[in-house]
Amino acid sequence: MLAKLQRAQHMLLLLSEWASAVVAPTKLVVLQHGLYGAAVNMAVLQQELERQGGGEVLVHSGVANEGRTRDGVAAGGRRLAAEVEQLVAEVARGGGSLRTISLVGNSLGGLYARHAAAELWDAESGCIAGLEPDAFVSIGCPHLGVRRFTFLRLPPPLQALGPLV
């Protein structure tokens with residue numbers, strides 16, 4: 001019985017040493033899915049960023065726009081901005097010390113992230129949601145819009161096949 005108690009105390013000591021050695025995240029990376037998407041669409045990227053970040057990076061995949069991607073960029077950007085503000089406040093209340101923010105958007109999510117950055121931007125401090133901007137990444141994002149819903153003009157014989165795809 002005494003041996004079990006000593007082992008348990010030893011385990012608690014090791015856990016407490018490990019917990020004190022864990023790095024608190026200082027970098028926030030916000031991921032935003034695209035049209036008709038969900039947070040799970042960014043899961044692989046989230047897992048890889050968390051693995052590479054080694055505890056220094058807090059990766060959050062936005063959920064505010066799930067099921068709500070058809071009401072415009074401004075509305076989606078405002079929802080994402082509100083979600084980011086809430087997350088930053090929760091981390092601060094929990095004793096966290098985030099310093100930088102990066103925004104990553106896939107397709108329409110890039111437009112949402114760009115709008116959210118503008119909503120959260122404080123020109124006086126140069127911060128986004130109170131954090132120093134680090135990176136803005138958009139993946140396959142139509143920043144210049146889409147012309148007739150295609151990126152490449154198809155030869156006339158192939159245009160007839162469009163509805164089949």
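Predicted model: local features only at pLDDT ≥ 70, side-chain atom pairs only at ≥ 80, totals over all residues.
View 1. A disulfide is a covalent bond between the sulfur atoms of two cysteines. Cys 127 is a buried residue, its relative accessible area being 17%, and Cys 141 is likewise buried, with a relative accessible area of 15%.

**View 2. A salt bridge that links distant parts of the chain, Lys 27 with Glu 56.** The structure holds three salt bridges, and in one of them the side chains of Lys 27 and Glu 56 meet at 3.8 Å, taken from N to O. This pair links distant parts of the chain, as the two residues are 29 residues apart: Lys 27 belongs to strand S1 (residues 27–32), while Glu 56 sits in the loop between helix H2 (43–53) and strand S2 (57–61). Lys 27 is partly exposed at a relative accessible area of 30%, and Glu 56 is also partly exposed, at 31%.

View 3. Arg 51 counts as exposed, with 56% relative accessibility, whereas Glu 48 is partly exposed, with a relative accessible area of 34%.

View 4. The closest N and O atoms of Arg 79 and Asp 71 are 2.9 Å apart, and the two residues form a salt bridge. Arg 79 has 12% relative accessibility and therefore counts as buried, the cut-off being under 20%.

View 5. Ser 107 lies in the loop between strand S3 (100–106) and helix H4 (108–120). The phi angle of this serine is near 55 degrees, which is a positive value in a residue other than glycine. With 28% relative accessibility, Ser 107 counts as partly exposed.

**View 6. Helix H4 and the elements that cover its buried residues.** Helix H4 has 13 residues, and from its first C-alpha to its last it reaches 18 Å, close to the 18 Å expected at 1.5 Å a residue. The buried residues of H4 are Leu 108, Gly 109, Gly 110, Leu 111, Tyr 112, Ala 113, Ala 116, Ala 117 and Leu 120. The elements that cover these buried residues include the strands S1, S3, S4 (121–122), S5 and S6, together with helix H3 (73–93).

**View 7. Ala 129, a residue with positive phi between strands S5 and S6.** Ala 129 is found in the loop that runs between strand S5 (127–128) and strand S6 (132–139), two strands that are also among the elements covering the buried residues of H4. Phi of Ala 129 is near 55 degrees, again a positive value in a residue other than glycine. Ala 129 counts as buried, with 18% relative accessibility.

Methods. Residues numbered from 1 in each chain as written. Heavy atoms only, no water. Helix = DSSP H or I, 4+ residues; strand = E, 2+ residues; numbered from the N terminus. Buried < 20%, exposed > 50% of the residue type's maximum accessible area, 1.4 Å probe, protein only. Salt bridge = Lys/Arg side-chain N within 4 Å of Asp/Glu carboxyl O. Expected span 1.5 Å × (residues − 1). Contact = heavy atoms within 4.5 Å.
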